[in-house]
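User: Let's go through this one together, starting with the ligand site and then the domains.

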Amino acid sequence: MNLTYLIEGIYLVASILFILGLKGLSHPDTARRGMIQAACGMGAAIVGTLFRPEILHGNYLWIVIGLVVGSAIGIPISRVPMTAMPQRTALSHAFGALAASLVGIAEYIIHRPEITSRQPGHGNVENGALALEVMLGSLTVTGSLIAAAKLQELMRGTPIMFKGQQALNLVLFVTMVGSFVLWMIHPASSVYFYTMAGCAFAFGVMLVIPIGAADMPVVMSLLNSYAGLSSAATGFVLHNNVLIIAGTLDGFSGFILSILMCRAMNRSITNVLFGGFGAVTGTDTGSTEGTMREVTLDDVAVQLAYASSVVIVPGYGMATAQAQHAARELGNVLEERGISVKYAIHPVAGRMPGHMNVLLAEANVPYSSLYEMEQINPEMPTVDVAVVVGANDVVNPDARDNPKSPIAGMPIIEVDRAKSVVVLKRGKGKGFSGLENPLFFKPVTGMLYGDAKSTLTALAQAVQKV
Ligand code: NAP
């Protein structure tokens, strides 16, 4: 059989698996299957690529070395705890983008004579794709590394600003795009090419340092989108269809996710894309007026046992405590008593999109018991007890009530409108945004201190004894 047909056939199968995988990932029930389909697609794409003539007739040694090094890095980082998944994802973006960027630079070095004389296969379109690949790839590498460092708390999570920053950003951006254009006109000039790459590396850093940790989800999905578009450009350069398809799918799904995240955090996508990125508009760090009322486990158990409707609102603290099974256990105990139990999911609760859905699915909470923020908020005034399990920012009423708050306008789960609220947390720790939460000082709220997992387990036992 003609080798080209075989390769393109394998690539077609891989592309179909990628699309099925993405479709599967759009629903918690089918997400696991979607993940397996996407992984099989990636396996097929790798096998197909190994049949390409330039690889078949080349030296496999470098590929084996690459596989060994990649596996040596990939296997340990795939075992990080769920709570470290965002920084792990940021690292993956950095590696993917680094590969795209290095391939682009290598292509330029190897094919410089053909590129310079614009020989067939190295015309303006191909050169443009090559420059775009290197530019997007390079800024994604450094941007993702900064995002990973901020999420891992190796760097300050709050926005890093300095005098003249906007002017420096503008100079970098203009030089980067200017070098791109000049190189397209004079492809023989490697100065333009490497100036563009250097500026892109620096611009990636400058793009992410002024962004506060609370905006990081949008940044991550945007960087994901850039990495995908850079891979698609690599596909044009290498005449590799599966790279074009996979890169485009990645680029646009990342972009759609960015838009959805922006909506969930009340940030406009144009603001994210064209400046003001991460600018902190509000300065009020939150009011602590009122008194925090500590409640005892037995009081809460009685309150829950005699409630008719309870809403459990999980957040990042549930993830760190690995308290999802204990939350389900408490839910079961309450349901056995005929109490209605719903789980309210905020789109940016935890540290990555879908974080709470994944944890609750792992604990076998039925999908029908999960309620989106828009579904649960209208019901809040009729809820007897809202149990906040390690959530903070996503239930902060300042986002709704205080226009001076840095998170003003971010939609929240309005637990403060329930008849009563119990907040499970270890102490007086702040949320991801570093702001005070006036919810904790409201008369409707009782604070139940302790690790979420042990508190929930003890609550389930105490409710059974009531
Ligand atoms: P959060 O605002 O980070 O608050 C988590 C709370 O959990 C803390 O106040 C902490 O208080 C408590 N906690 C920590 N460990 C605990 C434990 N073992 N047991 C009980 N409580 C514990 O969480 P969130 O309300 O879920 O909000 C998510 C935040 O992350 C948002 O600001 C969002 O923008 C941001 N973010 C989201 C994503 C995403 O895609 N989902 C990605 C990056 C950032 P104590 O220390 O007092 O216990």
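User: Which domains does the ligand lie between?
Analyst: This is a predicted model, where local features need pLDDT of at least 70, side-chain atom pairs count only at pLDDT 80 or more, and totals for chains, interfaces and linings use all residues. Residues are numbered from 1 along each chain as its sequence is written, and side-chain values use heavy atoms, with hydrogens and water left out. The bounds come from an automatic or database domain assignment. Two domains both give residues to the shell around the ligand, so it lies between them: domain 2 (88–274) and domain 3 (286–465).

User: Which helix gives the largest share of that shell?
Analyst: Helices (H or I, at least four residues) and strands (E, at least two) are DSSP runs, numbered from the N terminus. Helix 11 (241–265), helix 14 (316–321) and strand 5 (420–425) each supply at least two shell residues. The largest share, four residues, comes from helix 14.

User: How much of the ligand's accessible area does the protein cover?
Analyst: Look at the polar contacts (N or O pairs within 3.5 Å). Ligand oxygens sit 2.9 Å from a polar backbone atom of tyrosine 316 and 2.9 Å from one of glycine 429. Of the 930 Å² that the ligand has on its own (Shrake-Rupley, 1.4 Å probe), the protein covers 96%.

User: How far apart are the C-alpha centres of domain 1 and domain 2?
Analyst: The assignment puts domain 1 at 1–79 and domain 2 at 88–274. Their C-alpha centres lie apart by 23 Å.

Terms used
A polar contact is a pair of N or O atoms within 3.5 Å; within protein, one must be able to donate a hydrogen and the other to accept it, and residues adjacent in sequence count only if both atoms are side-chain atoms.
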